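Me: I'm new to reading protein structures. Could you walk me through a strand and then a patch on the surface?

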Amino acid sequence: MLQQHWFMWGIDIFSGLLLMLFWFLLIAVIYMFIADKLQTKQAIRHNYPVIGRFRYILEKQGEFFRQYFFAQDREELPFNRAERSWVYRAAKNVDRTIAFGSTQILDKPGAVMFMNSAFPINDHDTHKTIAVTIGPDCNHPYITEKICHISAMSFGALSRPAITALSHGAAKAGCWLNTGEGGLSPYHLKGHCDLVFQIGTAKYGVRNAQGHLDAQKLTEIAAHPEVKMFEIKLSQGAKPGKGGILPAIKVTEEIAIIRGIPAGQDSISPNGHIELNNVADIVDMINQVRGITGKPTGIKAVLGDMSWVTEFLDEIERRGIEHAPDFFTLDSSDGGTGAAPQALMDNVGLPLRQSLPLLVDLLNERGFKQRIKIIATGKMIIPSYVAWALATGADFIASARGNMFALGCIQSLQCNKDTCPTGITTHNTRLQKGLDPKDKSVRVANYNHFLHYDLIMIAHSCGVTDPRYLTRHHARIVQSSGVAVTLDKHYRHMQ
């Protein structure tokens, strides 16, 4: 009897809750119906009240369903599942092998295939890559044997724990970390890794009240032993002709102090340096920064119109090779960023596949290739892409999004909304708690280690002792006819 009493009591409560839920839903539907009919901003909701709301819900969830249910391994953009999977496995130091067969379409136009040698190189595990010196004539030249590095990501675009993890991870990996244009934060310095300080168009961290370079602030930045080089950003691949954009919601008090701007307001950099009106001004700024800091100084740009590069090299020839930049960071139009106008991200600038061979060939023709090191950046997240860049003529590569994946990025495409679910690009402290810098720094180090490891494996398969010895003869690219030709023949037709 007692059990029957409790059972009936439970049925009564459950029935009451269902009745309450029914009336709640009925009231909600009536409210939405009236609200939809009265509003005129959205025609679908007005003409199809309540039901029309599902259209906007499904549209918002479309990215999620495509990523996890509908897109094939090699379909998704900007990075497909196969690419992300390799990075995740490398970062976690788990098995990176695959079975049965490649999901890559090997005869697709543009596909790159490396030519294996009948006599591959042995002793992969004991290999050390060749050390390269950047800015040999500077007071403080920079020497590194690492090929792959961490591209520009500012504190502001990325969170405190994300930058901290990258700093420690770069130190473990022995590669450099580019600060991005947001200034030098304490979190960049935490791991005591090598740093490249980027000078953006707003000159955050090294600007005076008028927005010009402040020599004293520049000297103070250069005094940090971690800061090895300086990069003057002329343009960025994801938004050529547009300055950096940090939405107001991400401009915290701390970020405002580091950048020297008001908190809670959009941080929008000018679309160009106010000092630069011609190529002579670019050369002047390079030498000004290098003279003040004593450290290698280069430029970053995405290529579009090539005439300025020719004029730039003419100006260097007139002044002398010592006035040349120590490096040229070449960005790709398919590079990434936290926020950019779609018109620029989709339609402006050359992708690296076209711009890198053009720049390499131009520097070779003018005799500047040995003096000006090329750093290729833009979707360089897996070993085969790096090998292609080296074979084409790059000296280094730098990846931002590859290292974001190593931190745990799931490509939710919310970098500009301060709602990043992994805590990487948000300043919401609740979301940041899921990102443990100690754990993620190990993953960043693992990713960079295996990026080099598999890169060396490709080089040895091609019969060369070091990835830097890869040339355009070591790879073929598939043409529209389906026939693959060596990179040197393919790029000869592009000129």
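This is a predicted model: local features need pLDDT of at least 70, side-chain atom pairs count only at pLDDT 80 or more; totals for chains, interfaces and linings use all residues.

Me: Which way do the residues of strand β11 point?

Reply: Here is the general idea: in a regular strand, side chains alternate between the two faces of the sheet. In β11, which covers residues 327-331, F327, T329 and D331 point one way, while F328 and L330 point the other way.

Me: And is β11 mostly covered or mostly open?

Reply: Mostly covered: five of its five residues are buried.

Me: What joins β11 to strand β10?

Reply: Four bridges join β10 (residues 297-302) to β11, and the two strands run parallel. As a landmark, find I299, which stands opposite F328 in β11.

Me: How many bridges join β11 to strand β12?

Reply: Four, and β11 and β12 (residues 373-377) run parallel. Here the landmark is T329, opposite I375 in β12.

Me: Now the surface. Which residues form the nonpolar patch?

Reply: They are L19, F22, W23, L26, I27, I30, F33, I34 and L38, with about 940 Å² of accessible area together. One of them, I30, is found in helix α1 (residues 2-38).

Me: Why is I30 called partly exposed?

Reply: Because its relative accessible area is 45%, and partly exposed lies between the cut-offs of under 20% for buried and over 50% for exposed.

Technical notes: Residues are numbered from 1 along each chain as its sequence is written. Side-chain values use heavy atoms; hydrogens and water are left out. Buried means under 20% relative accessible area, exposed over 50%, partly exposed in between (1.4 Å probe, protein chains only). Two strands pair if DSSP finds at least two bridges between them. Patches are made of residues with over 30% relative accessible area and no salt bridge: like charges are joined within 9 Å, nonpolar side chains (Val, Leu, Ile, Met, Phe, Trp, Tyr) within 5 Å. Accessible areas come from the Shrake-Rupley method with a 1.4 Å probe; for residues, only the protein chains shown count as cover. A salt bridge is a side-chain nitrogen of Lys or Arg within 4 Å of a carboxyl oxygen of Asp or Glu.
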